[in-house]
Amino acid sequence: MLEYVNVTEPVIPAAEFRVAGRPEDKDAVPRALAACAAAGGGRVIVPAGVWRCGALRMSGNTELHLEAGAVLEFSPDPRDYLPVVFTRWEGMECYNYSPLIYARDCENLAVTGSGTLRGNGAAWWHWKELQGPAAKRLYDAEADGIPPEDRVFGTEKDALRPQFIQFVHCRNILISGVRIENGPQWTIHPVYCENVIVRGVTVDTAGPNTDGLNPDSCRDVLIENCDFATGDDCIAVNSGMNEDGRRVNRPCENVLIRNCRMTRGHGGIVIGSGMSGGVRNITAHDCVIDGAELGIRLKAMRGRGGVVENIHFHDLRVDNILGEVVQITTFYSATTIAPKSQVPPHFRNIRLENITGSGGIGIQLRGLSEAKLREIVLRRIRIAADDAMQCADVEGLTLDGVDISAR
């Protein structure tokens, strides 16, 4: 099983570009980023104060550094996130509103410091109730093979919320130290990226679908010493949705999660449900999940396809969970749009060791009759729960030192 990833920090030129002017001037930070890009890279330093801005576009060889007391407060006006950019929205490629911080096809990117990124997400959250028609139109386009360049959204009528930080097709990324509050939707969302480090970050979000961190079809990702309190999953590993995920066929692989804390949220450490491009070689250890709806959660459904394999979670504390402390299921139902096909997902070679916790249900393992869960090892598990264990369609289950007691 994977116990390390091959990551190195990005190399940033020594030049410095200090944000200047009036904090209420929404062009102050973009001007500094543009000057940095024109010089070939460097550090853009945001001093103390509340600096207003719209979408920020980062270039390669650039570090956005927030000094103590610095706040980047992002506009709640959707017009400040146009023109549209290429993105992956809930696992499907399209053109949509720019994420609040965005980069594409870059190397050496960093967002660092002890300041705060404030997303003003409450202005967007009601779009959750309006997004259904556009989400269906996007999925229909995906299923019908319409190319991504013809899937153009980015209107209030479409109501597809942008992500907070999204880097696409980038390498050598560091996000470190900052506090991130209340974005429109997913918070940190690297897509098709390699060599990613997320370290010492605090994510505090409350709105719908405000996941903390979603590595999406990425390779070599280190997540360490972070705190997540979210309105959806804290960490969710993904690789695309349904036909689009299988078309791109790029797995999320070689991910290490360690020394993190998750509170609130739908799930603590999660894989899926958008795992159609495959997920493999994921390790998590020495983390605490406390007060989430579900703890450790691997989820998919008919129509996703894809393979989840080589998963090793160990030395985790999972307490005060409303539902399942451990759930591995291929019957996930809370999806934005139901799949059109019946292609089954496959889960295999999953090992959970040294897990302690408490919740409503101890362990749920539920495979499909045509695609059973395979090679599941549960070793040294101690859980207090109202309902001990639910198990169906599992082939090759090892139980060693599993103790589930009534609470």
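Visitor: What should I know before I start?

Guide: Residues are numbered from 1 along each chain as its sequence is written, and side-chain values use heavy atoms, with hydrogens and water left out. In this predicted model, local features need pLDDT of at least 70 and side-chain atom pairs count only at pLDDT 80 or more, while totals for chains, interfaces and linings use all residues.

Visitor: How many disulfides are there?

Guide: A disulfide is a covalent bond between the sulfur atoms of two cysteines. Here, a pair of cysteine sulfur atoms must lie within 2.5 Å to count. By this rule there are zero disulfides. For C226, the nearest cysteine sulfur belongs to C260 and is 4.6 Å away.

Visitor: Is C226 buried or exposed?

Guide: Buried means under 20% relative accessible area, exposed over 50%, and partly exposed in between, using a 1.4 Å probe and protein chains only. C226 is buried, at 1% relative accessibility, and C260 is buried too, at 3%.

Visitor: Which residues have the most contacts inside the largest nonpolar core?

Guide: In soluble globular proteins, nonpolar side chains tend to be buried together. A nonpolar core is a set of buried Ala, Val, Leu, Ile, Met, Phe, Trp, Tyr and Cys residues joined through side-chain atoms within 4.5 Å. The largest one has 91 residues, and those with the most contacts inside it include L72, F74 and I257. Strand β26 (residues 307–329) gives the most to this core, nine residues; strands are DSSP runs of E, at least two residues, numbered from the N terminus. A second, separate core has eleven residues, W89 and M92 among them.

Note on methods
Helix = DSSP H or I, 4+ residues; strand = E, 2+ residues; numbered from the N terminus.
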